[in-house]
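Reader: I would like to learn how to read a fold from its contacts and helices. Can you take me through one case?

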Amino acid sequence: MVAGVALAGLLGMLLFTLARQAPARAADLPPEQGGEVGTAGPGESPPDLSTMSPRERFNRLYNRIMRGAEAGDEASVTRFTPMALMAYAQLDTIDADARFHAALLQVHTGNADGAKALGDTVLSQTPGHLFGYVILGTVARWKKDEPALRRAYAGFLQHYDAEMKAGRAEYEEHTRSLEDFRKAALAAKETPAGS
């Protein structure tokens, strides 16, 4: 029970941070730019997910989950998360950004091991990619695994400057999450282990 409450709180914080930094509200976007699932104007039908590519479905569902998290609508987050993970499983190409989003959704479902595997995959495919460390650090925080959290922080800080100079588009979309993780990593570096 306590783990479930802690998990919900951690996910809520992560989702709120991600939703807060979104460049535009998903509900305000036209369908071709990932507008929200189930959003339709007066007299319009909701978008038909069956006509979309797996990536479009995943993006739509993920955006819907972000909107739900931002609004404190846990029912929508819970309802759409399994659908988003199914769409993720159908992707023909998967980049670090998709893995990052899927990992956050995995944490929501309580699948910390699945999220960790996604973090490991990000780092094996793109060594030094900051999303890998954020994922691994998030899982470590949830598991209260201090050594793993410190390793994630150290790896993040070690690669931060070079990765930020790489100009990856996904970093620009998640600047708040990266900055929050960096602040936590720097604070941990100044605190001796075990204190």
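Author: Start with contacts, meaning heavy atoms within 4.5 Å. Of the contacts in the chain with a separation of 6 or more, 63% join residues 24 or more positions apart. The model is predicted: local features need pLDDT of at least 70, side-chain atom pairs count only at pLDDT 80 or more, and totals for chains, interfaces and linings use all residues. Residues are numbered from 1 along each chain as its sequence is written, and side-chain values use heavy atoms, with hydrogens and water left out.

Reader: How many helices and strands are there in the chain?

Author: Both are DSSP runs, numbered from the N terminus: helices are H or I with at least four residues, strands are E with at least two. The chain has nine helices and zero strands.

Reader: What share of the residues counts as buried?

Author: Buried means under 20% relative accessible area, with a 1.4 Å probe and protein chains only; exposed is over 50%, and partly exposed lies in between. Here 44% of the 195 residues are buried.

Reader: How do I read a helix pair?

Author: Two packed helices are described by the angle between their axes and the distance between the axes. Axes are lines fitted to C-alpha atoms, for helices over the stretch in contact, and angles run from 0 to 180 degrees between N-to-C directions. Take helix 4 (residues 96-108) and helix 6 (residues 130-143): their axes come within 10 Å and cross at roughly 5°. Helix 4 is therefore roughly parallel to helix 6; the cut-off for that is under 35 degrees.

Reader: Which residues of helix 5 are buried?

Author: An α-helix has 3.6 residues a turn, so residues three or four places apart point the same way. In helix 5 the buried residues are Ala 112, Gly 114, Ala 115, Leu 118, Gly 119, Val 122 and Leu 123. Their cover includes helix 3 (74-89), helix 4 and helix 6.

Reader: Why does Leu 123 count as buried?

Author: Leu 123 counts as buried because its relative accessibility is 17%. Beyond its neighbours within four places in sequence, Leu 123 contacts Gly 128, His 129, Gly 132, Tyr 133 and Leu 136. Leu 123 and Tyr 133 lie 10 residues apart in sequence and 7.9 Å apart in space, C-alpha to C-alpha.

Technical notes. Parallel < 35°, antiparallel > 145°, perpendicular 65-115°, else oblique.
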